[in-house]
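Subject: Structure handover and notes

Hello,

Here is the structure for you to take over. Please open it alongside this email.

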Amino acid sequence: MGDTILEMRGITKAFPGVVALGGVDLRVRRGEIHALVGENGAGKSTLMNVLSGVYPHGSYGGDILVDGRVRAFRSVRDSEAAGIAIIHQELALVPQLSIAENIMLGNERTSWGVIDLDHTTRRARELLAEVGLAEDPGAPVAALSVGRQQLVEIAKALAKDVRLLILDEPTSALNETDSAKLLRLLRELRGQGITCIMISHKLNEIIEIADTITVLRDGRTIETLDPESGAVTEDRIISGMVGRDLDHRFPDRVPEIGETFFEVRDWTVDHPTQADRRVVDGVGLHVRRGEIVGLAGLMGAGRTEFAMSVFGRSYGRFAGGTVIKDGREIRTRHVGEAIANGIAYVPEDRKELGLILDDDIRRNLTLAGLERISARAVIDRGGEVVRAEDLRRRLRVKSRSVLQTTGELSGGNQQKVVLGKWMFSEPDLLILDEPTRGIDVGAKYEIYQIVHRLTAQGKGVLLISSELPELLGMCDRIYTMAQGRVTGELPRAEADQEALMKLMTTTTKTRG
Amino acid sequence: MGAVRELLRNNARQYGMLMALVVIAVLFGVLTQGLLLQPANINNLIMQNGYILILAIGMMLVIITGHIDLSVGSVAAFVGATSAVLMTGTGLPPYVVVVLALLLGGLIGAWQGFWVAYVRIPAFIVTLAGMLLFRGLTMILLGGETVAPLPASFRAIGSGFVPDVVVELPYTIWLLGITFDELHVFALLFGAVASALVVLGQLLGRRRLRRHGLSVGSRPWFIVKLVVLVAVLNAFTFMLAVHNGVPVIGVVLVVLIVGYSFVMNRMTIGRRVYAVGGNEKAAMLSGVRTKPTTFWVFVNMGVLSALAGLVFAARLNAATPRAGNLFELDAIAAAFIGGASATGGVGTVVGAVIGAMVMGLMNNGMSIIGLGVDWQQAIKGLVLLVAVAFDIFNKNRVRASRTAAAAASDGSGGTGADPVPAAGANGSAAEREPDPPPGTARTGGTGAVAGSG
C-alpha cells in the first residue's frame, strides 16, 4: 500500500482574471480510495480536469507523476492511455445507444471498420457482472435510473483498463440504496487494485469509505487526513474546508409556531402516462404558521410528485384531494391559482425547472410576481430594478448587478435567485424541494438563514430533503413518505436518523 | 484605451448587425452607382420589402417561444387570394375585406397554434403541413389563374402615399446626383417629431438607469449615438420628402415596430413570451400559462401573415397562385440575422427590423445591379450563415470574458463565493463537447421530476 501511483506537485492553473489553482500537492497511494473535499470553488474539479488532460499540458503549472514518471497529457485520450479515467458529475452516456454500445464507445473492437458485435456484447456482459448490474446489454441506457447509469459509466471506464478512476460527485443524484451499492462497488474495485479518487460533498460517505482525505480550499491543499486514526469527524473536515470552526451547521432559531393554517387532505395523484399507477395515495398533512415541516422519503416515495401536484397540478393526473388554507378550501387547478392562493414551490432541479438561465437575475426574480410591479399589464421597469436589487442585497447573491445573466452564477447563488423569486411573490406557504442539493457549506448556511427569516415572518415551510441531518437540523416536525403514502409523523424531539429511516422503508419490501 | 476596447466588445453584439447593415448599404450604394439610395428607390425599398418586415416581427416572436413557422408564405398567398376573390367577386368594400382577411389570418394561426401548443406536435411539422395545405388551397381557390386588377382604394395599402402638403421648389436642386424639385411637408414633420421622441426617450431612459444606480455608457458616446440616430432618421425622412412623401405602408410599419417593441419590452405578456421560450418548464412553474401563450403567438403570426399577404397583393395589384413563395425563408433569415436564438428565449423586435432591412437591401440592391434570382438566393444563403456564425462567435467571446470577470470580482470577496467551478465547468464542458448548448446537455439528472411537464 505504501507505493505511490500518482503525485501532483505544485499544480497551478489560471483562467483569465482568476487563479483557480494556486499550488496544489496531491499524493495518492496505489490501491486506495482517496477523497478530495472542499467547498465549491476550492478547485477540485479543475484539479481533476488537469489530471485527466481536459486542460492540456502547458496550460497549467507544476508536475504530474504517474508511477514516478513525469507525464504530459495533451488530451483525455493521453490520460486514458495511462489508465486514468474520469466520470463527470453530469454523465456522458448516449441515451439512445444500448448499454453495450455505450460501454465500448470509443473503444470498439473492429475489423475493417465493422464492429464485432459478439465481442461487444460478451465484453459488456462481463463488465456489467463486474459492477453488479443485472441488465440486458442490449437495453438502451435511457431506460436506466441515474444510479444504474452511473454503474454503466464505471463499466465503461473498466473497459478501458482503468487503473486510476476519478469520480466527481458520484452519489449526488443517487438515493441511499444506490449510493450504498456504489460505495460497495468502489470497495470491491479497491480489492482488485484499482485506485480511486472521489470528489464528494457527502462527508459521512467519505468518512465511511476513504483511506485518505485531502482538503482543498481556495485552490490550495490545506491538509491530508487519515480517517483510520479515528479522529476525523464531519465537523473536523468542515472546519478544514471553510477555514473556521463550524460549531453549528444549522443556524439557531427559536421557533414561534402559530395555529394550523394549511392542510392537505387525501391528496391522490396518478402517473401522467401509465394509466393505473398511483404515485401519491391519500396523502394528508398540515403546516402551522412559523413552522418548518419536513418531508422525508427515499427516491420514488412520491414527495416531489405530491408537492408539484398540490402546486397547480403540475405533475401527473389529479385523482382527488382537497387543500384547505385559513379554514376554507382553496383551488389549485393551475400554477397561477396556486400562486394567487399564496403557495410557492422551489423545485428540486433549479436549472431545468427553476431558472431561465439566459435571462438576467431581475427577470428571474420577478417572473412569478409580475403583477406586483405592473399596472394594466405594463411593467414599471424602474420599480422592478429597485425591488430586484433590494432582494439581491438581502439574499446576498454574489453578482455584479441584477442585470447579470443567471447562467453565469454559481450553484449556490442560482439557488438564492430561485428562492428570491418565490419570496418576491410573498407566499404564505413555501415548499422547498431539496433546496441545498449540490451547493457548498457556506451557501447552505445562508439558505438556512433565509428560511428561518421567512418562518419568523409567520410563513409556513414544507421542506423536502433526502439528507436526514438537514431535516433533523431544520425541521420542527417531520413526515415520512414511502410509496406514495404518509408512513409516519414525528416531532423533532422524537426523530432521529434510525427512526426516520425505518418509517421511510416500512412498505418498500412489498414492491421490491 | 482599455475602456474603449471594453465598450466596443460589450456592444459588438448589439451594434454588429447594425454595422453589417451599414456595410451592405454602402456596398450596394457603390455597386449600383448611387441608385440604391436615390429617393425614388428608398420608396421602392419600403414598398417592395414591407412584407418581409411584417413577417419578420411575427417570426421573431415565434422563434423567441422556441418554435418556427414555415407556412407564412402560403398563408399570405391564401389570404391575399381570398381577399382578391372577395373584392372582385362580391364587391365587398376593401376595408371590410381587410378586416375579414385579418380575421382569417387569425383563424389560420389559431388552427396551427392549437396543434403546436395543445397537441404538442412540433411546429416544424405543423407549419410544414400548413405550408402545403394553404398553398394547395390558394391554387384551388384561384384555379391556377391570376386575379387582377384590384380596387384602387385597396391598392393604396401597398403603393399609396399619405396625403401631404407639397411645396414645389422654385428651382431644381442637384446634389450628389439627386434631383430635388418638391418637398413634402408632412414627411419632414414626421422626421422632426420622431427625432424629438427618440431623443426624449433616450434621455429619460438614461436618467432612469442612472437613478437606479445602474451603469450607463459614457456621455460623449451617448451624444454621438444620439446625433447619428437623429441624422440618419432625418436623412431618411428627407429622402421621402423630396420624392412622393411617406408611403402608407411606411406608417403601418412604424406602428408595428413601435407597438411590438413596447409589448415585448414593457408589458407582462412580452415578458411571458420570453419566459416560455427561455425555459418552458420554469415558466410554467412560475405561473405562466405556457400553452395559451404559445397559442396566441401563433394567432399573432397568422394575423401578420395575412397583413403581409394583403400588402403584397395590393402592391402587385393582383393575387397569384405563386404569391408569397419563399417568404417564410426571408422572414426566418431576417429573424436569425437580427439575433434570434434557435433555442428560443432570445431576440428583439428591433433585431427583426434590422434583419429584415438587411434582407430587403440585398433583395433590392441585387435586383438593381441585375443579378439573377439564382445568384440572389445563393448570396442570401451565405449572408445568413455568416451573420449567425458571427453572432455565435461573438456570444462565446463575450461569455468567456464575462465569466472570467465575474470570477475575478467574486474571488476577492473570499468566503463562500464560487467563481471557479463556473469558469472551470464552462471551460471543461466547452472543451469536451462543444455542440450542446449549456443546460440542455444533462443526462438523467434528477429523474423523479424529469417526466412531469
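Below are my notes, going from chain B to chain A.

First, the ground rules. This is a predicted model: local features need pLDDT of at least 70, side-chain atom pairs count only at pLDDT 80 or more, and totals for chains, interfaces and linings use all residues. Residues are numbered from 1 along each chain as its sequence is written, while chains are lettered from A and ligands numbered from 1 in the order in which they are written.

Chain B

Chain B has 17 helices and two strands. Helices (H or I, at least four residues) and strands (E, at least two) are DSSP runs, numbered from the N terminus. Of its 453 residues, 43% are buried. Buried means 20 or more other C-beta atoms within 10 Å of the residue's own; exposed means 12 or fewer; partly exposed is in between; C-beta atoms are placed from the backbone. Take the contacts in chain B between residues at least 6 apart in sequence: 76% of them join residues at least 24 apart. A contact needs C-beta atoms, placed from the backbone, within 7 Å.

The chain splits into domain 1 (2-23 + 38-160 + 247-394) and domain 2 (165-246). These bounds come from an automatic or database domain assignment. The centres of the two domains, taken over C-alpha atoms, are 26 Å apart. Nine residues of domain 1 of chain B contact eight residues of domain 2 of chain B. On the domain 1 side, helix H2 (39-64) and helix H9 (248-266) of chain B each give two or more residues. H2(B) gives the most, with four residues. That side has six nonpolar, three polar and no charged residues. Here Ala, Val, Leu, Ile, Met, Phe, Trp, Tyr, Cys and Pro count as nonpolar, Asp, Glu, Lys and Arg as charged, and the others, Gly among them, as polar.

Cores

The largest nonpolar core has 180 residues. Such a core is a set of buried Ala, Val, Leu, Ile, Met, Phe, Trp, Tyr and Cys residues joined through C-beta atoms within 7 Å. A:Leu463, B:Leu55, B:Ala56, B:Met60 and B:Ala335 touch the most other members. Another core, of 74 residues, lies apart from it, with A:Met48, A:Val54, A:Val141 and A:Val146 among its members. Beyond four places in sequence, the contacts of B:Leu55 include B:Val72, B:Leu304 and B:Phe327.

Chain A

An open four-stranded sheet runs in the order E14-E13-E16-E17 (chain A), with antiparallel pairing. Strands pair if DSSP finds at least two bridges between them. E14 (278-288) and E17 (328-330) of chain A are the edges; each has a single partner strand, so one side of each lacks a neighbour in the sheet. The twist averages 15° from one strand to the next. Axes are lines fitted to C-alpha atoms, for helices over the stretch in contact, and angles run from 0 to 180 degrees between N-to-C directions.

Three bridges join E16(A), residues 317-325, to E17(A). One of the pairs is A:Ile324 with A:Glu329. Helix H9 (303-310) of chain A lies across E13, E14 and E16 of chain A, at about 110° to E13(A).

E11(A) and E12(A) form a hairpin with two residues between them. Five antiparallel bridges join these strands. A:Thr214 has A:Thr224 as its bridge partner. In the turn, A:Asp218 has a positive phi of about 50°.

A:Thr233 lies in the loop between E12 and helix H8 (234-242) of chain A. A:Thr233 is exposed, with 12 other C-beta atoms within 10 Å.

Best wishes

Technical notes: Contact = placed C-beta atoms within 7 Å.
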